[in-house]
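Dear colleague,

Please find below the structure that I am handing over to you. My notes on what was found in it follow directly after.

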Protein chains: 2
Amino acid sequence: MTPSDLELARRVALRPLADVAAGMGLGPDDLDPYGRDVAKVRLPALARLRERPPGKYVVVTAITPTPLGEGKTATAVGLVQGLSRRGRRAVVALRQPSLGPTFGIKGGAAGAGHSQVLPMERLNLHLTGDFHAVTAAHNLLAAVVDNHLYQGNPLGLDPARVAWRRVMDVNDRALRNVVLGLGDPQDGVPRQGGFDITAASEVMVLLSLATSLRDLRARLGRLVVGYTRDDQPVTAEHLGAAGAMAALLRDALAPNLLQTSEGTPALVHTGPFGNIATGSSSVLACQLGLHGADYLVTEAGFGADLGAERFFNVKCRVSGLTPDAAVVVATVRALKVHSGHYRITPGRPLPPALLEENPADVEAGLGNLSRQIGVVRGFGVPVVVAVNAFPGDHPSEHEVIVRAAREAGARVAVSHAVARGGEGALELAQAVEEAAHEPGDFRFTYDLSDPLLAKLGAVATRVYGADGLDVSKAALRDLRRFEALGYGGLPVVIAKTHLSLSADPRQRGVPHGWRLPVREVRLAAGAGYVYAISGEMRTMPGLPAHPAAERVDLGEMGEIVGLF
Amino acid sequence: MTPSDLELARRVALRPLADVAAGMGLGPDDLDPYGRDVAKVRLPALARLRERPPGKYVVVTAITPTPLGEGKTATAVGLVQGLSRRGRRAVVALRQPSLGPTFGIKGGAAGAGHSQVLPMERLNLHLTGDFHAVTAAHNLLAAVVDNHLYQGNPLGLDPARVAWRRVMDVNDRALRNVVLGLGDPQDGVPRQGGFDITAASEVMVLLSLATSLRDLRARLGRLVVGYTRDDQPVTAEHLGAAGAMAALLRDALAPNLLQTSEGTPALVHTGPFGNIATGSSSVLACQLGLHGADYLVTEAGFGADLGAERFFNVKCRVSGLTPDAAVVVATVRALKVHSGHYRITPGRPLPPALLEENPADVEAGLGNLSRQIGVVRGFGVPVVVAVNAFPGDHPSEHEVIVRAAREAGARVAVSHAVARGGEGALELAQAVEEAAHEPGDFRFTYDLSDPLLAKLGAVATRVYGADGLDVSKAALRDLRRFEALGYGGLPVVIAKTHLSLSADPRQRGVPHGWRLPVREVRLAAGAGYVYAISGEMRTMPGLPAHPAAERVDLGEMGEIVGLF
């Protein structure tokens, strides 16, 4: 029987974290240990490392994924292990997994097989408490908002226009829509509200984008919780809550240091939701890794149209960092699905036909790969295609992908990182090194000075390949309102399905002749962007009939079992 | 100007935590550091220390307090500092402060002046994340409960009899009563619910009373979340959630090591609510300190009638530990209030007359002191009265208390621990040493084999001094039900106002001729007791018009300011 990821994780003898840190130029005084084998890197270390020239900045993205994901994290981890085996100092920067899905369908995760982040149990359960700090800061502001209404509402906040929900790091559908403040008059002012999962908190994105404690504090102050009856935004600063939120988040701003299955440094920090936010690890983790290594490899959520687009247009704009190369992960499985001949349903077994040798169906799905390569090229960033190999793949199927990638002018390598660790990613590492040394020509999709509507249109047409936008009247009105209030210079994020290049999750491959609907636009003034909602966006997952929680327990020696 | 507690805390040069731990017989391998100057003590260390004979077990309790509190924590901290100056190895075990009140009225706190637990900012903000772990475990169970209803309710849980609320570590009155599961059919089953503050979670008490990981896991399995329509209890074990909860709480079971203002070891662990639970630090922290020192000093919440009663009848029963002495803290201020001539309202200045020299009014309030001494004596535990000196006190007023304590046959000392640290608690330390070496005669108020109603009656009459119980029909029915379900052998907790020996918070001194109303009884099967509700018990605080959060911020160097 194939050993589980948890079993493989347990077999690894971890390197002393001080040795791992030393490889990044960090000394013992730069670390605050948080339990065994996990530490926070103190922020002053970053200021010191900045005096060293930065390494190469590599982002791992993907073709349009299936609901199962295509292994970006394992590829990113395998890549740094491969680079390390080639004698390069390499660091991976990843998002922290969310607790909710760990007990829901997904189970715990960061990488797979011989390309994981360790210690796995710590990674998946609490880690250093950063998510809990986000929950606490977010909900403190929510309590202050409702207290403001209760205490006479001196700022004149319109109770019907409170936009600040509450958050909890749990999959709990019953909290999506609630009525608050019931009971006696001293139990608050009744109104509608609801909870999102903590990863969907604007505070989480804000933490991931903050470039310093001072910047964190300023962004918190700019958080808009709602509007007055005469349409003026009410902020966390107006409510006097931003300072206390910053105090709660102070330690959470420091990136967490762990290690990969082969002992290379892994920075794990923040976990902004992929579908309504940037979906990438923190700016500070990237800066720390870049100045502490020859290569910093990070991951952007979902396919290149969503994750890489936001990574480039939002995160790189904030950080001022220029990416040197992008890895586009492709799998035989997903390309077959893009042929339109298969369908994958999470929680159900794969269709057996999907596992049969069928290079023609892989070929039929290649349009999506070419298109996503084109998305990255549109930003002027060199591309390496990584074929994430699965045990059931057939060489003929890999060959089809390799050929297509070469024809599209991209570098390409088959990655066996899951099965063989860094040794299985040596070719990929070499290709990434070559790509990262090509002269770059990085450019954004739009200028910040463009109108908000034009920015949305540029992403939809030039990145997604839509024919145009269909914007609701309410969204148009709100875009004008945000511009009138002085938020017109922000970048944009589009909340769109990740299962298709289009806005329709059923459209595989490269959909043509479609327009992007924009039902609603929202302001994330603290995080620093305006986001458009296109389709149904769930921000609080539910549990399945048999949640992963049922399998998790303590073993005889107090060890955690069943995490996946 | 008098320096604030935070300023005094900052001036202290902390000892290396390894040195602090060494004084308890703990080596570096026994500690898991969590950031600077805070560590968790690994549970295997306790198994090793148990081979050493235990030291003396001292509990700090008080007369019936005013709403401002009488300084039990500062006295406990000062006492270990005093014992330490007298050459004894002494450890203090305290509850962790709750985050909610830190941003509400109360501000941050553990001790005061020169008798605090440090580092103060870490203590008050997150610490090692134990409270967050309790929140996560509690709410995971809540999500599983609502998911069970949503997924067809195979166990037949009666939605109207779900007893498991949700928790959050924030003062948020709007969450006291909510309606959940609104929205579309896929958003869950609508029903009434609500949130308590995390300190009021049964998981918090359970964590404080657990004697091992195995015991923790078993208690979690016994948690009753509600009843079926045919009156059978539904537990966390039935729902398959107890294992995952144990995984979330595994690290939280290890006590946290900090230090006092004078570098003596301080174990800070768990924070069960005083009014509906035991209100005392953990069993494991007490065991660890007892076997690691000559003296383990811990605190029991509120006055002796509430905190010490539960400490003796519930916590000591679980731990098997026998207390050697009890300190009853008294203040001039509170005794004057017990004269019935003054009234203290939190958030308002003290009445000026209260600060004038008036030994006669102190004398008039002494009945409460004698009665609370009697409460402790009823358990066969030697008593030391500690007069917690305030700057405005007059020697004549102290003399009245000292004389009365001696006449009651108790040892007594004036403690200047707040103003002078351990040096101000030398006399108290000496008195405690003497008392702890008296031959003890520890006994419980009731046998576990007594009927539940008899146990409640014994506490009400023999501890509180009530004439009897007035039990509602619903409560009587539920007591019988609990006994029929096999919970009759549990100890009891009575949720009663802490501001009076009676059930009426306005009755000062020693109320006579009153009966204890029991409106409702509830089962805490995981924590392991049945509790009776007598009067209004708030389990989710609210924020005041100007919460302490408004003063908290980051300073120029990123330091936390305004915490109090």
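In chain B of this predicted model, Pro119(B) sits in the loop that runs between strand S6 (115-118) and helix H6 (120-124). Pro119(A) is placed in the loop between strand S6 (115-118) and helix H6 (120-124) of chain A.

Two further residues of chain A deserve a note on their backbone. Leu127(A) is not a glycine, yet its phi is positive, at about 50°. Leu127(A) belongs to the loop between H6 and H7 of chain A, and with 5% relative accessibility it counts as buried. The other residue is Thr270(A), where phi takes a positive value near 65°, again in a residue other than glycine. Thr270(A) is located in the loop between strand S15 (265-268) and helix H11 (283-291) of chain A. Its relative accessibility is 1%, so Thr270(A) counts as buried.

I turn next to the interface of the two chains. How many residues of chain A are in contact with chain B? There are 72 residues of chain A in contact with 72 residues of chain B. The size of an interface is often given as the accessible area lost when the parts come together. Here chain A and chain B bury about 5,800 Å² between them, and 59% of that area is on carbon and sulfur atoms. Of the area that chain A buries against chain B, 11% is supplied by Arg36(A), Arg173(A) and Leu554(A), more than by any other three residues.

The interface also holds polar and charged pairs. Across the interface of chain A and chain B there are 12 salt bridges, and 35 residue pairs are in polar contact. Which elements of chain A each supply at least two residues of the side that touches chain B? Among them are strand S1 (31-33), helix H7 (130-150), helix H9 (213-222), helix H10 (242-249) and strand S25 (553-554). H7(A) gives the most to this side of chain A, with 10 residues. By class, the side of chain A that touches chain B is made up of 37 nonpolar, 15 polar and 20 charged residues. Arg214(A) and Glu556(B) are joined through their side chains in a salt bridge, at 3.7 Å from N to O.

In soluble globular proteins, nonpolar side chains tend to be buried together. In this model the largest nonpolar core has 325 residues, and those with the most contacts inside it are Leu141(A), Leu369(A), Leu141(B) and Leu369(B). With its neighbours within four places in sequence left aside, Leu369(B) is in contact with Ile63(B), Val328(B), Ala330(B), Leu335(B), Val385(B) and Ile401(B). A second, separate core has 68 residues, including Leu83(A), Ala110(A), Val117(A) and Val432(B).

Salt bridges are the last topic. Side chains of opposite charge can pair when their charged atoms come close. Over all chains the count comes to 70 salt bridges.

In one of these, Asp441(A) pairs with Arg443(A), and the closest N and O atoms are 2.5 Å apart.

Asp478(A) forms a salt bridge with Arg481(A), with 3.1 Å between the closest N and O atoms. Both residues lie in helix H20 (residues 473-484) of chain A, 3 residues apart, which is about one turn of the helix. Asp478(A) counts as buried at 12% relative accessibility, and Arg481(A) is buried with a relative accessible area of 16%. Asp478(A) and Arg481(A) are also linked with Arg161(A), Asp231(A) and Arg477(A) in a network of salt bridges.

In chain B, Asp478(B) forms a salt bridge with Arg481(B), the closest N and O atoms being 3.1 Å apart. Asp478(B) and Arg481(B) are 3 residues apart in helix H19 (residues 473-484) of chain B, and therefore about one helical turn separates them. Asp478(B) is buried, at a relative accessible area of 12%, and Arg481(B) is buried at 16%.

With kind regards

Conventions. Residues are numbered from 1 along each chain as its sequence is written. Chains are lettered from A and ligands numbered from 1 in the order in which they are written. This is a predicted model: local features need pLDDT of at least 70, side-chain atom pairs count only at pLDDT 80 or more; totals for chains, interfaces and linings use all residues. Side-chain values use heavy atoms; hydrogens and water are left out. Contact means heavy atoms within 4.5 Å. Buried area is the accessible area (1.4 Å probe) that two parts lose on being put together, summed over both. A salt bridge is a side-chain nitrogen of Lys or Arg within 4 Å of a carboxyl oxygen of Asp or Glu. A polar contact is a pair of N or O atoms within 3.5 Å; within protein, one must be able to donate a hydrogen and the other to accept it, and residues adjacent in sequence count only if both atoms are side-chain atoms. Helices (H or I, at least four residues) and strands (E, at least two) are DSSP runs, numbered from the N terminus. Ala, Val, Leu, Ile, Met, Phe, Trp, Tyr, Cys and Pro count as nonpolar, Asp, Glu, Lys and Arg as charged, and the others, Gly among them, as polar. A nonpolar core is a set of buried Ala, Val, Leu, Ile, Met, Phe, Trp, Tyr and Cys residues joined through side-chain atoms within 4.5 Å. Buried means under 20% relative accessible area, exposed over 50%, partly exposed in between (1.4 Å probe, protein chains only).
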